[in-house]
Amino acid sequence: MIKVIKVEDYQQVSEEAFKVMKEVVANNPKAVLGLATGSSPIGLYKLMIADHNENGTSYKDITTFNLDEYVGLPVEHPESYYSFMHRNLFDHIDINEENIHIPSSLGDDLQKNCDDYNAAMADWQVDIQLLGIGSDGHIGFNEPGTPFDSVTHITDLKESTIVDNARFFDNDISKVPTQAITMGISNVMSAKKILMVANGKNKAQAIFDTINGPVTEEVPASILQKHNDVVIIVDREAAALLD
Ligand code: F6R
C-alpha cells in the first residue's frame, strides 16, 4: 500500500522524510537502513546530521546498505557513491565503518561483487529502504525493463539517466559512468518499509506512473504498489500530475 504525502517544497519533503526515518531509528537503535544517493536525499541527510549533533541520536549500532555504485570510478572519486555517502552523511554521524555496506565496483570480478552483496543482504532484514526515483521511473539503477525478480547486478545506465546525472560531472555526459552495480528490485522490495522522496517537475510523470499506472517492468517503481508499507513524499512540482 502506498501512502502519498504531498508538501510544498523540497525542504518540507526532507522534513517529512526525516520524521519517518527518525521514528525507525528511535524505535530500534540497531535498525538496518537501506540508503540512496543522488540529490533527493541530501536534505534528509542534513536533518539526520543536525539531529545527531543536537539530540545525540546515535548510529553506532545501525547497519546500512546502499542501493548502488558506479562502475569505473575509483572510490576516492568525489562522485563515487562511496565518497558521496561519506561526505553527505557517514562522516558526520557516529556510524561504525564496518556496519556500512556499499556495492563495490573494485577488482575485475564484478559478478562476484554482486553475489557477495546479495549474500551480505541475505543476512539482514532492511527496516527502511530510502529511494529517490529516476525521471524514467528507475529505483536504484534498475532501469526500465529490469525484471522485478532481479537481485544485485551490473547494469547499463539508460541515456536519459546519463543525461540526468551529467550535472554531477561538469555537465559533460562523456564523464558520466555508463554502468553501475545496483541492488535488484527484489532486494528493494524485501525491505520492511520503503520511503521514497521526489521533488521537481522532472519527476512528475514518473511519480504519476508509479502511483497510478499499471504495474509494469517498464516503470520499475510501479512495483511499489505491491509492497505493503510505502511512503512517497513529493513536493508540489513532483505531485503535479496527481489529482
Ligand atoms: C541513487 C539511486 C537513483 C536515484 C535517482 C534519482 O542511489 O539509486 O535511483 O535515486 O536517480 O536521483 P536524484 O535524486 O539525483 O534525482
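Trainee: Is Lys112 buried, partly exposed or exposed?

Mentor: The classes follow relative accessible area with a 1.4 Å probe and protein chains only: buried is under 20%, exposed is over 50%, and partly exposed lies in between. Because its relative accessibility is 44%, Lys112 counts as partly exposed.

Trainee: What pLDDT is required before side-chain atom pairs count?

Mentor: Residues are numbered from 1 along each chain as its sequence is written, and side-chain values use heavy atoms, with hydrogens and water left out. The model is predicted: totals for chains, interfaces and linings use all residues, local features need pLDDT of at least 70, and side-chain atom pairs need pLDDT 80 or more.

Trainee: Which residue forms a salt bridge with Lys112?

Mentor: Side chains of opposite charge can pair when their charged atoms come close. A salt bridge here is a side-chain nitrogen of Lys or Arg within 4 Å of a carboxyl oxygen of Asp or Glu. For Lys112 the closest N and O atoms of the pair are 2.9 Å apart, and the partner is Asp116.

Trainee: Why are Lys112 and Asp116 separated by about one helical turn?

Mentor: Helices are DSSP runs (H or I, at least four residues), strands are runs of E (at least two), and both are numbered from the N terminus. Asp116 is partly exposed, at 39% relative accessibility. The separation is about one helical turn because Lys112 and Asp116 lie four residues apart in helix H4 (residues 110-122).

Trainee: How many salt bridges are there by this rule, and which residue pairs with Asp51?

Mentor: The count comes to eight salt bridges. In the pair formed by Asp51, the closest N and O atoms are 2.9 Å apart. The link joins distant parts of the chain, 29 residues apart, with Asp51 in helix H2 (residues 42-55) and its partner in helix H1 (residues 10-27). The partner is Lys22.

Trainee: How far apart are the closest N and O atoms in the salt bridge of Asp61 with Lys60?

Mentor: Asp61 is partly exposed, with a relative accessible area of 34%. Lys60 is also partly exposed, at 45%. Between Asp61 and Lys60, the closest N and O atoms are separated by 3.2 Å.

Trainee: What is the volume of the largest cavity?

Mentor: On a 1 Å grid over the protein atoms alone, a cavity is a set of points where a 1.4 Å probe fits but cannot get out, whereas a pocket is an open set with protein on both sides within 12 Å along at least five of seven lines; lining residues have an atom within 4 Å of a point. Grid points are joined across faces, edges and corners, and a volume is the space filled by probe spheres set on the points. There is one cavity of 30 Å³ or more. The largest cavity has a volume of about 40 Å³.

Trainee: Which residues line the largest cavity?

Mentor: By class, Ala, Val, Leu, Ile, Met, Phe, Trp, Tyr, Cys and Pro are nonpolar, Asp, Glu, Lys and Arg are charged, and the others, Gly among them, are polar. The lining divides into five nonpolar residues, one polar and one charged. It consists of Gly38, Tyr70, Glu79, Tyr81, Phe84, Phe168 and Phe169.

Trainee: Which helix gives the largest share of the lining of the largest pocket?

Mentor: The largest pocket holds about 410 Å³. Its 26 lining residues include Gly38, Ile133, His138, Asn165 and Lys203, which lie nearest the centre. By class the lining has nine nonpolar, 13 polar and four charged residues. The largest share, three residues, comes from helix H5 (residues 159-165).

Trainee: Which helix gives the largest share of the lining of the second largest pocket?

Mentor: The second largest pocket has a volume of about 250 Å³. Of its 13 lining residues, Val20, Glu23, Val24, Lys193 and Asp229 are closest to the centre. The lining has four nonpolar, two polar and seven charged residues. The largest share, five residues, comes from H1.

Trainee: What is the phi of Asp170?

Mentor: Most residues other than glycine have a negative phi. Asp170 lies in the loop between H5 and strand S8 (179-182), and it is exposed, with a relative accessible area of 59%. Although it is not a glycine, Asp170 has a positive phi of about 55°.
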